[in-house]
Amino acid sequence: MLRKQLIFLFAILTMPLGSKGDHLVGGEIYYECLGNDDYLITLKVYRDCFSSGAPFDSPASIAIHDANGGLVTALNAFHNGGQQIPVTINNPCLQAPPNVCVEEAVYTVTVNLPPIAGGYNIAYQRCCRNQSIVNLTNPSSEGSTYYVAIPESALNSCNNSPYFNEFPPLALCIGEELVFDHSATDPDGDELVYSLCTPFHGGSQITPAPIPADPPPYTNINWGGGYNASNPLDASPSLAIDPVTGELTGVPTQAGQYVVGVCVE
């Protein structure tokens with residue numbers, strides 16, 4: 001059985017919201033097999049438009065390691081100039097607050113990766129998150145690792161990783177039900193299974209953009225008291241994802257900024 005994993009990391013901002021974001025909001029990384037051992041690597045990074053932190057990396061350093069942690073190559077990937085993501089909320093009668101704004105940068109780079117034992121690990125790391133996040137112990141020192149593996153079996157069959165179809169909502173209304181299609185597409189038609197998961201930490205305040213990124217295993221972020229992968233925000237019913245369809249549901253009960261991880265395998 002071929003196992004592929006993709007983790008989507010994002011921040012949900014429930015309303016009313018009293019403080020603005022500071023830097024990273026989320027992202028994902030995935031690959032497409034082009035044939036002849038060529039792979040198109042796509043990295044999407046999301047940041048707060050009003051951030052006082054670092055701009056999008058240009059270029060972003062994407063590291064590729066072998067199964068033993070040896071560095072194969074560090075790629076310089078350039079983004080498309082960035083674009084603002086529309087802010088939609090789960091109540092058509094309300095408007096999002098003016099201090100909620102997220103922009104997306106899409107990086108692409110092509111690399112030749114011949115089959116090797118154990119496959120390859122692909123990663124981009126960046127710090128940091130904003131201090132106003134409520135479900136992490138020390139959010140301003142927590143970074144992100146966007147990571148995907150190309151298994152040995154995928155190399156031998158020119159297989160592709162899944163990718164998420166839509167960016168999740170940036171703002172939710174307290175007391176209003178969230179129903180969001182967080183499904184992904186697998187170009188090979190493989191079966192996908194969804195879950196809430198703990199995001200990886202990456203980078204630091206001292207080294208905010210490691211070059212090259214570290215190989216796995218990666219350190220998990222530190223959840224604040226009472227929060228975990230399956231309970232990442234204050235909600236009743238709790239935030240949940242259908243393992244078959246990828247439908248994300250829940251009713252937020254407390255204002256704040258929350259980090260959430262969604263995995264598809």
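Keep in mind that the model is predicted. The cysteine count comes to four disulfides, and Arg126 sits buried at 8% relative accessibility. The largest nonpolar core holds 27 residues, and strand β7 pairs antiparallel with β3 over eleven bridges.

**Disulfides: the overall pattern**

- Four disulfides come out of the count.
- Number the bonded cysteines of the protein chain in sequence order, and the pairing reads 1-6, 2-3, 4-5, 7-8.
- Cys173 is another cysteine to look at: its relative accessibility is 3%, so it counts as buried.

**Cys33–Cys158**

- Cys33 and Cys158 are bonded, with 1.9 Å between their sulfur atoms.
- The S-S torsion of Cys33 and Cys158 is about -100 degrees, which means the disulfide is left-handed.
- This pair links distant parts of the chain, 125 residues apart: Cys33 belongs to strand β2 (residues 24–35), while Cys158 is in the loop between α1 (152–157) and β10 (163–164).
- Cys158 has 31%, so it ends up partly exposed.

**Cys49–Cys101**

- Cys49 is joined to Cys101 by a disulfide, S to S 2.2 Å.
- The link of Cys49 and Cys101 is left-handed, with -65 degrees about the S-S bond.
- Cys49 is in the loop between β3 (38–48) and β4 (60–66), and Cys101 is in the loop between β6 (83–85) and β7 (102–112), so the bond ties together parts 52 residues apart in sequence.
- Cys49 counts as partly exposed because its relative accessibility is 23%, whereas Cys101, at 8%, counts as buried.

**Cys127–Cys128**

- Here the disulfide joins Cys127 to Cys128, with an S to S distance of 1.6 Å.
- The link of Cys127 and Cys128 is right-handed, with 85 degrees about the S-S bond.
- Cys127 has a relative accessibility of 2%, so it counts as buried. Cys128 comes in at 13% and counts as buried too.

- Arg126 is part of strand β8 (residues 120–126).
- Why does Arg126 count as buried? Its relative accessibility is 8%, and buried means under 20%.
- Which side chain does the side chain of Arg126 meet in a polar contact? That partner is the side chain of Asp57, at 2.9 Å.
- Leaving aside neighbours within four places in sequence, Arg126 is in contact with a set of residues including His23, Leu24, Ala54, Pro55 and Asp57. Also among them are Gly143, Ser144, Gly202, Pro208 and Ala209.
- Arg126 and His201 are 75 residues apart in sequence, yet 8.7 Å separates them in space, C-alpha to C-alpha.

**Nonpolar cores**

- As background, nonpolar side chains tend to be buried together in soluble globular proteins.
- Which members of the largest nonpolar core touch the most others? They are Tyr39, Ile41, Leu43 and Ile62, out of 27 residues.
- Zooming in on Ile41, and leaving aside its neighbours within four places in sequence, its contacts include Ile29, Tyr30, Tyr31, Ile62 and Tyr107. Thr108, Val109, Val111 and Ile122 are also in contact with Ile41.
- Another core, of 23 residues, lies apart from the largest one. Among its residues are Leu136, Leu178, Val259 and Val264.

**Strand pairing around β7**

- β3 and β7 run antiparallel, paired over eleven bridges. In this pairing, Tyr39 has Val111 in β7 as its bridge partner.
- How many bridges pair β5 with β7? There are two, in the antiparallel sense, and the bridge partner of Phe78 in β7 is Thr108.
- β6 also runs antiparallel to β7, joined by three bridges. There, Gln83 stands opposite Glu104 in β7.

How values were computed. Residues are numbered from 1 along each chain as its sequence is written. This is a predicted model: local features need pLDDT of at least 70, side-chain atom pairs count only at pLDDT 80 or more; totals for chains, interfaces and linings use all residues. Side-chain values use heavy atoms; hydrogens and water are left out. A disulfide is a pair of cysteine sulfur atoms within 2.5 Å. Helices (H or I, at least four residues) and strands (E, at least two) are DSSP runs, numbered from the N terminus. Buried means under 20% relative accessible area, exposed over 50%, partly exposed in between (1.4 Å probe, protein chains only). Contact means heavy atoms within 4.5 Å. A polar contact is a pair of N or O atoms within 3.5 Å; within protein, one must be able to donate a hydrogen and the other to accept it, and residues adjacent in sequence count only if both atoms are side-chain atoms. A nonpolar core is a set of buried Ala, Val, Leu, Ile, Met, Phe, Trp, Tyr and Cys residues joined through side-chain atoms within 4.5 Å. Two strands pair if DSSP finds at least two bridges between them.
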